[in-house]
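Reader: I'm new to this one and would like to go through it with you. Could you put it up first?
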Amino acid sequence: MPSPRSNATYLIGLFQKYNLSVKDLVALSGSHSIGQGRCFSIMFRLYNQSGSGRPDPAIEPSYRKELYKLCPENVDQNITGNLDATPEFFDNQYFKDLVSGRGFLNSDQTLFTSAETRPFVTHFSVDQQGFFDAFVEGMIKMGDLQSGQPGEIRRNCRVANPSSMNKLMEY
């Protein structure tokens, strides 16, 4: 799992190690169309981007104010916020949010600020079916990856499912 602090260059390299394209990277990142992320994952973006002591300039100003309310400096960093404006629907809103500077995670917003990934973000923001088709292609490729370990769809992205942990201990 890539860090929420990852930039596009790192993500592209990571995906290429698994023979996944830039298009696959952007489409599969669209899985963030559903769900929430923890304040822990964005504190550096809000308060110390790149060690500057300042917020990430890519965050749209009114969205930054929303994030400051959700995640003040002294907050319980397990508090969660929506990854996009329609967190209960799998749609292309995630990409629309990135285009408007409203990406929750640095690893998401960097997909729009990077010249190499931006064309795919822009395209998926206006072509939901194109996103769906690319997502299916990327998921099929990911399904073909071999790690030597059993795979799973996690209920909580940060933690292996309990039944999977038991299976791993049997090895």
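Reader: What does the secondary structure of the protein chain come to?
Author: The protein chain has nine helices and two strands, where helices (H or I, at least four residues) and strands (E, at least two) are DSSP runs numbered from the N terminus. This is a predicted model, in which local features need pLDDT of at least 70, side-chain atom pairs count only at pLDDT 80 or more, and totals for chains, interfaces and linings use all residues. Residues are numbered from 1 along each chain as its sequence is written, and side-chain values use heavy atoms, with hydrogens and water left out.

Reader: And in which pattern do they follow along the sequence?
Author: Read along the sequence, the pattern is α-α-β-α-α-β-α-α-α-α-α.

Reader: Switching topic, where does UniProt place the feature "binding site"?
Author: The unreviewed UniProt entry places that feature at H32; such annotations may be inferred rather than shown by experiment, feature names are shortened, and positions are given in the numbering used here.

Reader: Where is H32 found?
Author: H32 is in the loop between α2 (22-29) and β1 (36-38).

Reader: Is H32 buried or partly exposed?
Author: H32 is partly exposed, with a relative accessible area of 23%, given that buried means under 20%, exposed over 50% and partly exposed in between (1.4 Å probe, protein chains only).

Reader: Which residues does H32 touch?
Author: Not counting residues up to four places away in sequence, H32 touches L83, D84, Y94, L105 and D108, a contact being heavy atoms within 4.5 Å.

Reader: Back to the whole chain, how many residues count as buried?
Author: Of the 171 residues of the protein chain, 40% count as buried.
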